Each structure stands twice: as C-alpha cells, then as structure tokens.
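Take a moment with the sequence and the model before reading on. Then follow the walk below.

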Amino acid sequence: MWGGGADMADPALRPIQRDWLSKTLAGLVLGAILALACSGLFARLNTAMPLGVRGQLAMWMVPPVWLGVLGGVYFFSSGVRAWLWLGAASAFVTGVFYLL
Amino acid sequence: MRSEFVRIYKAVHTWTGIVAGMALFIAFYAGALTVFKEPLAAWASPPVAGRMVPLADTPKLIAGVLAADPATARDFTIHMGDAEHVPGRMGWQVRDTDADDHDESSVRHYVGTLDATGQARIEASHPSQLASFIDVLHRVVGLPVDSDPNRWVMGLVAALYALALISGVVVLLPSLVKDFFALRLGKNLKRMWLDAHNVVGIVSLPFHLVMALTAVVFAYHDGIYIVQDKFVHDGKWGTAFQRQQPAAAAPGRDPASMLPPLELIARAQAFAPGFEPTALQYQQVTGPRAVVRVWGKDAAAVSPRARGGFAALDPYTGKVINSDFLPGRQSTPNLFVSSFFALHMAAFGGTAVQWMYFLLGLAGAWLFYSGNLLWVESRRRKRPRDGGEVPAQRRDVRLMAAATVGVCLGCVCGISLTIVGAKWAYALVGDANAWLLPVYYTTFFGCIVWAFLQGAAKAAVHLLWLAVMAALAIPLTSGLAAVAPGLNMWVNTSLSSLGVDITACVGAAALGWMARATARRVRQGGADSVWSEGPQPCLQGGVPGVGVQAK
Amino acid sequence: MSFFTLTGLLASLAGSTCLYLASPNQRWRLLPLPALPARSLALVLIVLGWLSFARSMQAVTATFVLVTVLMLALSVLPYIGALRGVGRGR
C-alpha cells in the first residue's frame, strides 16, 4: 500500500518496522501540515465562493485529512519512510498553495 | 495485505478503544437521549401559571415589553407553539458576559406576558435544565460543564475514536466478506463478542465516521479557524459574517410598526413552502440592522441545526434578507456544511429519523461496551481441559471488567435517576436544577465504587437491576403525580412527554432482560472468568490499602 | 409521517431483510435464500425505497434517510437472526 512506490525491490519482502513514536509523530505533525495545506489549496481554488462558506468548508476539511493521514501512517514500512513520503507530500501541497 | 499490518493495526485498535471506549459509551448513551431533548424538557417542565398570550395579541406584547425594558430589543423570541417546555409566548435570555458561549447554567431567563388589564409584565422564569444537562454529558463525555478545556478532552476522545474506526476496519478487512452479517452464538464466547462487536461496527461505519469527524470539529473548530485565518484567509476571517451597513441608517425605529408575527410567518412560508415555523427570534429590532429569524423545521430537507433552520427577514418590510440557513433553500456549499450538522444531530427526515438515530446511538453505546467485553474475554485464563484448579484471573482484567460495568451502568442509572430527580426535587425543595448534578454524579460514582467493591460479576447484576428500577421510576413518578395531586408534582400529557414515559418502560424491560441473562452467566457460566460468582472480587489480591481476604 | 416516507421505510426494510437472508451467514432461516435472486430483489426494493423517499423529501434527504435505515436494519437483523437461531437450538 503506502509503503511501496519508488523502491524497485519487492516491497512484500521488506521488513516492517513498528516505529510507534516516529510514525505517530509523522502522522500528527505532517498530517496537520498536509491538512492545513489542502484546506488552503481548496480556499485558493474556490475564490468565487463567499468567504463565509468557503472558510467553513476549508475548516471542515482539516480533521478528515489529518485523521486520515494519522490513521494510515502505520502502513509505512518504517518511521523514516513515513517522514520522507509525508514530508514530500506536505512540501508539494504547501508549495502549490504558495505558488497559486 | 501483509498480516504484519493487521497486527500493528490491532494494537492501535486495542489501545485507542480501551482508552476512549468508556467515555464514548457515555457520549453515545447521553447523545441518544439528546435526540429527544425537547420531549425530555417537556416531561420535566412544571405547568406554566397563567395563560399563553394569544398569537394575535403578540404585537401589543412586544411593544409593551420593549417599552418596559428597552434592552430586550437586543434579542428576544416569540414562540409559536405552546409545548410544555415553552414558558411563555415571549422569552429572552441574559447571559453573563464572561461566561463560556456554551455554558447554559449562567444564563438567566425571562418571559413577557400581558396581565388581565393588557399591561405588559416581565417575569423571571426557571426552565428545567434537565435536557441541557444530559446534552452537556453528551457533548463533553460525562464531564459536568461544557467549557473549552472539557471540549478539548472530548475532541481528543473523538480523535482516538476516529483512529479506532480506521484501525478496526483494517483489522476486519481480511475476513470482511467471509464473516459479513455473522453472529455466532455458542460455546466460543470470544467469537460471539467479536461478531457482536464487528457487525455493529462495520454496518454502521458511516454513522460512526460522521460522528467521530463532526465531534473533532465541534471540539477544535475555534483553533482551526485561528490557524487558517493566519495562513489561508490573510486575517480576513473576522469579516466573513459581518453584514453590510445600510446606506442610510434609520435611527430609532418604532417596533410598533413591525409586521405582526403571523404576517412574518406567512411571508416565510410563501418563500419556502413545506417549512413549518416554530419560533421568531428578533434581533436589534430598534436598530438599523433589525432582523427576525423565522426558525422552523422541514422534514423534507436537511437542516443546519438540531432545532431546524431559519429564514432571516426584515421585521418591518417582511423581505427575506438571508436564506443561507433555511432548510431546503441552501446553496450547494452551504448544504454541504449543513449536512455535517444534520447528520450528527438527526436534523433531517423528521421523527422517523430521530428514532433511528436514537437506536443507532444506543447501538453505538453497545459497540463500545462490547469492545471492552471483548478485551476482557480475550484475556481470560481458562481452566485446563483435564480439570484441575480454576486459575485466578489477571488483576488488570478484573479491574477493567469492573470499571466497564461501573462506568457504563453508572451512566445509565445516573441519567435515569436524574430525570426522576428533576420532578421530585421540584416538588420537595423547589429548585430542581440545583439537584441535577449531585444526583447524577452521586449515582455515577456510587455505581463505580460498588463495581470495584463487589467485582464485575456481582455488580453487573446489581447495577442492571438498579438501572431497571431507575428507568421504571420515570413512568411511576408520572403515574404517582396523576393519582396524588397533593405531592405538588405534575404529569404532562402531550404525546412527546408521554413518549418519555413509554420509552422508559421499554428501556426497563430491555435492561431487565439483560439483568436476567447476566445473572444466568454469573451463576451457571464457567468459574474461570471474571463474570463468575466465584471468590474473585476485583480488588482482592494485593491492592495496597484494601483488606485482602484469605484466598 | 407522509405516506411516501412510510412506503419508503417498508420497502427499504424489506430490501435489508432480503439482503440479510441471502447471506450465507444468516441465522434466521435454516438455509439462506438463493443468493442472486434475493440480492437482486433486495436491490430493487432498496431503489424503490429511495424513489419513495424522494417523493416526500429532497433527493439529498432521501439518500441520508435511506442510508440511516440500511445501517440500522442491517445492524439489528443479525441479532434477530442469532436469537431466532438460539430459539431453534442452533
């Protein structure tokens, strides 16, 4: 699932490290950044919507994304990979948000 | 999926579930009852002295009250119906400025009436806080006050709940299709509790996801808005809900020239057929931005709040100013936001959906209760097949079983007795609201202490019978009030108030069935369990300070 | 409650029951209903339920109500089935 990707080696054979602390922190910290960036992107792309309701929808987006990331983070095969992948995703979405 | 992931997520599910489970039981049990907040308020409301001012006389009432107390113009409400929990035709609230927005206990209530000569009179009213008290238990997982820190605790519980849902689904995925709908009763008790837990959890998963996410939002929206204002809205969020100043402010408008309430209702209904108004909330009626919110319900639509939604009208011209919160008339983005509220609060589809949410809420409470039972059952030490001595159960398992029984049944007993107490305290000492909190927490903590002293097995039977009696006391109190008027109690005969009595009877029957089934297991089940009557009170075996009996 | 809300409730409850009875894990009857016909009937009844709800309420509301009925009915049916199974000594 999430742990696969760039690595060409068979991901089914890679040992899975539990890394409770680092995975949980990655989900909490990077999940929050990713959720905030997604909500910002949503607000940037829907400027035609009145600010009142756009802001409410942007706020409602944060907990599902944040908790979704936190819930999925244990599928990474190690804490390091969780930080790398989620960090890259956060950096990408945040970058797009500031460029728009 | 690799089995290693299932093991990891099983650990996540176990820990989040065990930490949040009992708090969620309270939130769901109290929440199921909160669906019927208005009937509960109707049940507990003493009869109103004097007659309700006829709707046709309300313009005179409004003018008289505003002349007597001009500050009332800030915000007051005209109630359309005459349900038992409506203390008068015209009501308003005065709030301490330093109190929390959600704290209902510091609010003072007033009603305006007309006396026999047609003079307006202002009286303080003391509506029953029973329904709000149960709602607060629901909103802050059993804590007594709906304050910021308590809501943050609730938000944390809700976040753990969301994690428990995600991890629970991952754990279930490998056997999802094979075991769908399975509920295997029989010798394998762990299997039975697992099935009973899974079937509710997976089938009502959408309901639970909505509850978890909305609860997190209800707890943390202020904080999220502050951060987003800084990074996303460039500090402009504060202006989002300001209405534009009228070009020429007309100072000192005469509220006597407002359209009569029945006319305003007619305008709102002409704008939105099918909308059934329940109340008119007037705001700033003497100022340049006078507005009346025509609150009401529409069973055919999705409502933005538990009490329905509103059309904002100009009370002088009857023009509709804003329909952003009007059920059925919202723009798609507004409907999206309203749907979150409606799906949390059963604010769609009318009474049928309220009953279904009541049952889904109770099923949710059962989900958390059965989760704890499963945890206990999975850690059972079994007697060897070839006979031999009955092993002592682990102490943490005995403690968890006792805590589950004490907290969950303590909440059930406590809420029932608080409902009963609301009527008795009014009859005996007058101020019923002061007794809600002591009655609930005395019962709640009493049940917990009893569960730890007696052990889960015996206490479960005792407390279930206590719950039966407490639930039965609700209709018995109404019956007693009907046959013995000298007690200074009352029985309200509206369908919604009688519905509380009938529901309590059905609840008592269900609890009685559980009490008998539990007693059977305690007597006849295997002795190698915390649910056996055997000599294993949960505090036995080495808790410092507690007398240890001979084993 | 309006007439179409009532028929919608009945149709979606009947559809849920068919869906449960077609499951190999059902305990209500001795044998499950034949899977394909029963599941097709369940689908038809559930669609009819939605159409009926949609006659008395807006489409969004009808969808929410239908999902609520399905969640409640499909949670409760396995319990009814299990208790009936116990009554029959299974």
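Predicted model: local features only at pLDDT ≥ 70, side-chain atom pairs only at ≥ 80, totals over all residues.

Start in chain B, at strand 7, which covers residues 309–313. Buried here means under 20% relative accessible area.

Now look at the directions of the side chains. In a regular strand the side chains alternate between the two faces of the sheet. In strand 7 of chain B, B:G309, B:A311 and B:L313 point one way. B:F310 and B:A312 point the other way. Both sets are buried.

Which strands pair with strand 7 of chain B? One is strand 6 of chain B, residues 291–297. Five bridges join strand 6 to strand 7, and the two run antiparallel. Within this pairing, B:V294 has B:A311 as its bridge partner. Another is strand 8 of chain B, residues 320–322. Strands 7 and 8 of chain B are also antiparallel, with two bridges between them.

Strands 7 and 8 of chain B form a hairpin with six residues between the strands. Find B:G318 in this hairpin: the residue takes a positive phi near 80°.

Step back to the chains. Two pairs of chains touch, and the most contacts are between chains A and B. Chain A and chain C share no contact. Their closest C-alpha atoms lie 18 Å apart.

Turn next to chain B and chain C. Here 33 residues of chain B are in contact with 26 residues of chain C. Together the two chains bury about 2,400 Å², 76% of it on carbon and sulfur atoms. Three residues, B:F181, B:L183 and B:M356, supply 26% of the area that chain B buries against chain C. That is more than any other three residues.

What kinds of polar link cross this interface? The count of salt bridges between chain B and chain C is zero. Seven residue pairs are in polar contact across the interface.

Which elements of chain B give two or more residues to the side that touches chain C? They are helix 6 (189–203), helix 7 (205–231), helix 9 (332–345) and helix 10 (351–378) of chain B. Helix 10 of chain B gives the most, with seven residues. By type, this side of chain B divides into 26 nonpolar, four polar and three charged residues.

Terms used
Residues numbered from 1 in each chain as written. Chains lettered and ligands numbered in written order. Heavy atoms only, no water. Buried < 20%, exposed > 50% of the residue type's maximum accessible area, 1.4 Å probe, protein only. Helix = DSSP H or I, 4+ residues; strand = E, 2+ residues; numbered from the N terminus. Pairing = 2+ DSSP bridges. Contact = heavy atoms within 4.5 Å. Buried area = accessible area lost by both parts, 1.4 Å probe. Salt bridge = Lys/Arg side-chain N within 4 Å of Asp/Glu carboxyl O. Polar contact = N/O pair within 3.5 Å; in protein donor to acceptor, adjacent residues only side chain to side chain. Nonpolar A, V, L, I, M, F, W, Y, C, P; charged D, E, K, R; others polar.
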